[in-house]
Amino acid sequence: MNATITKIDPGWVPTRQKPLQQRYRKEPDAAWIRDEARAVVGAGADPFHGEIEPANNAGKRWSFGIHQAVGGDHDAPNPGDLLTAALAACLLSTTRMVAQWLDIELADIEVAAGAECDVRGALMVDSSVPVGFQRMDCTVWLRLARQTDNSRLKMLMKQAEACCVVMQTIRAEVDVKTVWHVEQEPDS
């Protein structure tokens, strides 16, 4: 495990979250949030590279590339890498928060996420192959700072998965709406 968790006050997460829970019970509309990111590329750039600009990132952009299995150079994180990174980050943070709620002290935690895709569907080679990842997995390495009974440990694992927004979004196959805005140059 590579990530060492800094020891913090065990009441820190509940202290921050309890007022939010109370507010959202009274004002359900206040619980709605929106996360955003933009992908951008300049004119004349190749179709295998671009940049993403996540919201809350002070305008900093991250380069991305496309996987070699669909013609890219595989020289930068690809969209699948970003998806699995989001899953790993969400499960790690959620596990840490749930552990604090359950008063389980973590010494170390590391989360790895992976995804597998048969790209024949994306490349229009075989229409029977779905476009998208067919399999995803997460592995969590957890070291506890003190002995914890099995029932609380099982509760930690169950609630961490149940409360992981990215994991539950992937499992639920959320509907994605696309709005296209198209401008065309006039014929000369």
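Q: How are helices α2 and α4 oriented to each other, and how do I read that?

A: Two packed helices are described by the angle between their axes and the distance between the axes. Here the axes of α2 and α4 come within 7 Å and cross at roughly 130°. The axes are lines fitted to C-alpha atoms, for helices over the stretch in contact, with angles from 0 to 180 degrees between N-to-C directions. Angles under 35 degrees count as roughly parallel, over 145 as roughly antiparallel, 65 to 115 as roughly perpendicular and the rest as oblique. α2 and α4 are therefore oblique to each other. As for the names, helices (H or I, at least four residues) and strands (E, at least two) are DSSP runs, numbered from the N terminus.

Q: What should I know about the model and its numbering before going on?

A: This is a predicted model, in which local features need pLDDT of at least 70 and side-chain atom pairs count only at pLDDT 80 or more, while totals for chains, interfaces and linings use all residues. Residues are numbered from 1 along each chain as its sequence is written, and side-chain values use heavy atoms, with hydrogens and water left out.

Q: Which residues make the contact between α2 and α4?

A: Contact means heavy atoms within 4.5 Å. From α2 come L83, A86, L87, C90 and L91, and from α4 come V165, V166, M167 and I170. Sorted by type, the residues of the contact of α2 with α4 are nine nonpolar, no polar and no charged. In this sorting, Ala, Val, Leu, Ile, Met, Phe, Trp, Tyr, Cys and Pro count as nonpolar, Asp, Glu, Lys and Arg as charged, and the others, Gly among them, as polar.

Q: At what angle do α3 and α4 cross?

A: The axes of α3 (residues 150–163) and α4 (residues 165–172) come within 5 Å and cross at roughly 65°. That makes α3 roughly perpendicular to α4. In this contact, E161, A162 and C163 of α3 meet V165, M167, Q168 and R171 of α4. The residues of the contact of α3 with α4 divide into four nonpolar, one polar and two charged.

Q: Which residues form the largest nonpolar core?

A: In soluble globular proteins, nonpolar side chains tend to be buried together. A nonpolar core is a set of buried Ala, Val, Leu, Ile, Met, Phe, Trp, Tyr and Cys residues joined through side-chain atoms within 4.5 Å. Buried means under 20% relative accessible area, exposed over 50% and partly exposed in between (1.4 Å probe, protein chains only). The largest core here has nine residues: L87, A88, C90, L91, I109, V111, A160, C164 and M167. Both α2 (79–101) and β4 (106–116) supply at least two residues of this core, and α2 gives the most, with four residues. Apart from this core lies another, of five residues, including V98, A99, I104 and L156.

Q: Which residues other than glycine have a positive phi, and are they buried or exposed?

A: Take N56 to begin with: it is not a glycine, yet it has a positive phi of about 60°. N56 sits in the loop between β2 (49–54) and β3 (62–65) and counts as exposed at 79% relative accessibility. E173, in the segment after α4, has a positive phi near 50°. E173 is exposed too, with a relative accessible area of 69%.

Q: What does R38 touch, leaving aside its neighbours in sequence?

A: Leaving aside neighbours within four places in sequence, R38 is in contact with E51, I52, E53 and R61. R38 lies in strand β1 (residues 37–40) and is partly exposed, with a relative accessible area of 46%.

Q: Where is L123, and what does it touch?

A: L123 lies in the loop between β4 and β5. Not counting residues up to four places away in sequence, L123 touches A69 and V70.
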